[in-house]
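Hi everyone, thanks for coming. I'd like to walk you through a few spots in this model, so please have a look at it first.

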Amino acid sequence: MKKFQPFLLGSDMNVYGMARAFHEQYGIVSKAYAHFQLAPTKYSRIVDVTIVPEFDELDAFRHYMLQLGASFKAQHPDTVALLIPCGDVYANLLSQCGDALRKYFVYNTLDDDISHRLSYKSSFYKICEQFDLPHPLTKTVDKAAVERGEYRNLPFGFPVAMKPANSVEWLNIDFEGRKKAFILNTPAELENAIQNSYKAGYTSEMVIQDFIPGDDDRMRVLNAYVDQHHRVRMMFLGHPLLEDPTPVAIGNYAAILPDYNEEVFQKIATFLEAIQYEGVANFDMKFDVRDQTYKLFEINLRQGRSSYFVTLNGFNLAKYFVDDLVEDSEFDGHIVFGRGNKLWLEIPRSIFTTYVADSADKRVALEMMKRGDWGTTLEYSRDMNPLRWLLIRHMFNIYKRGYKQYFIKKADKS
């Protein structure tokens, strides 16, 4: 095997999950770069984080990465520098750089145009329609349309979901009541949320959708690895049982059971290969009992913060990156449709037992816990020290307070 060094972009849960995957598979310490430090990677011995001023700006990002690549190649001429973006901002920046960094790094990226069309929810739904992929009934409005009040004339009733089409721009928007996504039960709630969003400085499109009835356990999350030659190599489906209810993190998965659906796998694989995708694709979808279909919400152009659940279940994401980009290994065309038997949690077990409603799925998950067939991203025995242990306990306590303050069952429109 060739010598390689992982370079991860970010400092969040996603980065820690990837660093852990590399450490479990290869015993290697990853290097990470970000514009600020986040808790999941603090006090870790399996990932070295460097904070770079203005690293979320294209010019600073490109300049720093070119210097870093040149320096690393000069010092380690026989080592492959494997570059992996672990967040929307960095995936977007890498896409804008195109091939500029390939002199020093190997990485997956998309043409800037297709990257833009996939990452913006409004244009993603148009692509879904081209490939007959179900998605929620949607009305998209831009700033001018909001000023004209077009969001008041919806082709569906309440409740509705509202989310920014441009998730990268939304990271820099702040106002009282801001959420990652909204569930709005009345026209007055929609009026307040959309007006506050644009008053706070948001400029891109806003997506308003028919709310698909049901709670968190109707969600599904799919991760796929597509190699540099645009061939899908692996797909793994998860069944979330609980999401984070706090406003800044609403929709982030907190508990996931492994799932399997060959019809979904085949349809998404056909789509990814048809659009010449490469890298990890992370899909969020929800089962709609009204027409018995899984409807796509979005595609993330990188692994998600919960994607360690794939590695936990025996399909190590780091190995797929290495086999493809470092080794360029042969592929027989057989897509691995993953099956698993381990429950993934981001939260303390007490939150799971308290807030997940009784169901057959919950009972399956509790049996997994009894057998020891479960795990979290953060609690890695080979990367534990007193400071990190205290940090994780502190993070878990924050989760407990957040669920106590914000948890409600979602509306169940029939």
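Let me start with a term: buried means under 20% relative accessible area, exposed means over 50%, and partly exposed is in between, with a 1.4 Å probe and protein chains only. Helices (H or I, at least four residues) and strands (E, at least two) are DSSP runs, numbered from the N terminus. A word on where this comes from: it is a predicted model, where local features need pLDDT of at least 70 and side-chain atom pairs count only at pLDDT 80 or more, while totals for chains, interfaces and linings use all residues. Residues are numbered from 1 along each chain as its sequence is written, and side-chain values use heavy atoms, with hydrogens and water left out.

Now to helix α2. Its buried residues are F61, M65, L68, G69 and F72. Looking down the axis of α2, those buried residues fall within an arc of 100 degrees, taken from the directions from the helix axis to the C-beta atoms, so they line one face of the helix. In general, an α-helix has 3.6 residues a turn, so residues three or four places apart point the same way. On the other side of α2, D59 and A74 are exposed. What do the buried residues of α2 pack against? They are in contact (heavy atoms within 4.5 Å) with β1 (3-9), β2 (30-34), β4 (79-85), α3 (88-97) and β5 (105-106).

Next, a helix pair. The axes of α4 (residues 112-119) and α5 (residues 121-130) come within 5 Å and cross at roughly 95 degrees. Here axes are lines fitted to C-alpha atoms, for helices over the stretch in contact, and angles run from 0 to 180 degrees between N-to-C directions. That makes α4 roughly perpendicular to α5, a label for angles of 65 to 115 degrees. From α4, I114, H116, R117, L118 and S119 make the contact, and from α5, K121, S123, F124, I127 and Q130.

Let's turn to the loops. Q303 sits between β14 (293-300) and α10 (308-312), and Q303 is buried, at 1% relative accessible area. Its contacts include N14, M18, C86 and F321, not counting residues up to four places away in sequence.

Most residues other than glycine have a negative phi, and most peptide bonds are trans. E54, in the loop between β3 (47-51) and α2, has a positive phi of about 60 degrees. The peptide bond from F158 to P159 is cis, with omega near 5 degrees.

Note on methods: Angles under 35 degrees count as roughly parallel, over 145 as roughly antiparallel, 65 to 115 as roughly perpendicular and the rest as oblique.
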